[in-house]
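Thanks for coming, everyone. I have one structure to walk you through today. Please look at the screen.

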Amino acid sequence: ALIDMERMKERLEGKDEEENARHGYGIRNVNERIKAFYGRQYGISYEIRNGCTVAAFIIPQEGERELL
């Protein structure tokens, strides 16, 4: 099933208050933890490919982590 990409972006940024209240903070929490550990350019992203919603976890290759 396809999702609304703008709404998913709002969920990742914690702006979708209604969704957070109903389903918790799981996706946003994981995204924030990835960013805190690896750097702001990493995290979860979503896109639509061949009619399907695809989630990607963007993390650096081993040894490429920024020093925070």
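I'll go from the whole chain down to single residues.

One point before we start: this is a predicted model.

Let's begin with the overall layout. The chain has 3 helices and 2 strands. What order do the elements run in from the N terminus? They go α-α-α-β-β.

Now the chain as a whole. It has 68 residues, and buried residues make up 24% of them. The chain exposes about 5300 Å². Carbon and sulfur atoms supply 50% of that area. Next, contacts.

Let's look at two helices together. Helix α1 covers residues 5–13, and it packs with α3 at an angle of about 65 degrees. Their axes are 7 Å apart. Which residues make this contact? On the α1 side, they are Met8, Arg11, Leu12 and Glu13. On the α3 side, they are Ile27, Arg28 and Asn31. Sort the residues of this contact by type, and you get 3 nonpolar, 1 polar and 3 charged.

Two of those residues deserve a stop. Start with Leu12, in helix α1. Buried or exposed? Leu12 counts as buried, because its relative accessibility is 12% and the cut-off for buried is under 20%. What does Leu12 touch, leaving out residues up to four places away in sequence? The list is Ile27, Arg28, Asn31, Ile44 and Tyr46. Look at Arg28 in that list. Leu12 and Arg28 are 16 residues apart in sequence. In space, their C-alpha atoms are 4.6 Å apart.

Asn31 then touches Leu12, Gly43 and Ile44. Take Gly43 next. Asn31 and Gly43 are 12 residues apart along the chain, and their C-alpha atoms are separated by 5.0 Å. What does the side chain of Asn31 reach at 2.7 Å? The backbone nitrogen of Ile44.

Stay in helix α3, residues 26–38, and find Lys35. Is Lys35 buried or exposed? At 18% relative accessibility, Lys35 counts as buried. Its side chain reaches the backbone oxygen of Arg40 at 3.0 Å. Beyond four places in sequence, Lys35 touches Arg40, Tyr42 and Gly43.

How many aromatic pairs does the structure hold? There are 2. Phe37 and Tyr38 form one of them, with ring centres 4.8 Å apart. Their planes sit at 85 degrees, so the pair is edge-to-face. Then there is Tyr38 with Tyr42, with ring centres 6.3 Å apart. Why is that pair edge-to-face too? Because the planes are at 70 degrees, and the cut-off is over 60. Put together, ring pairs link Phe37, Tyr38 and Tyr42 into a cluster.

How accessible are these three? Phe37 is partly exposed, with a relative accessible area of 41%. Tyr38 counts as partly exposed, at 21% relative accessibility. Tyr42 counts as buried, at 13%.

Last stop: the strands and the loop between them. Strand β1 is 43–49, and β2 is 52–58. Asn50 lies in the loop between the two. Buried or exposed? Asn50 is exposed, with a relative accessible area of 82%. Now check the backbone. Most residues other than glycine have a negative phi. Asn50 is not a glycine, yet it has a positive phi of about 50 degrees.

Asn50 is exposed, in the loop between β1 and β2. That's my tour.

Terms used. Residues numbered from 1 in each chain as written. Predicted model: local features only at pLDDT ≥ 70, side-chain atom pairs only at ≥ 80, totals over all residues. Heavy atoms only, no water. Helix = DSSP H or I, 4+ residues; strand = E, 2+ residues; numbered from the N terminus. Buried < 20%, exposed > 50% of the residue type's maximum accessible area, 1.4 Å probe, protein only. Polar contact = N/O pair within 3.5 Å; in protein donor to acceptor, adjacent residues only side chain to side chain. Contact = heavy atoms within 4.5 Å. Areas by Shrake-Rupley, 256 points an atom, 1.4 Å probe, with all protein chains shown as cover. Phe/Tyr/Trp six-rings, centres within 6.5 Å; stacked < 30°, edge-to-face > 60°. Axes fitted to C-alpha atoms, helices over the stretch in contact; angles between N-to-C directions. Nonpolar A, V, L, I, M, F, W, Y, C, P; charged D, E, K, R; others polar.
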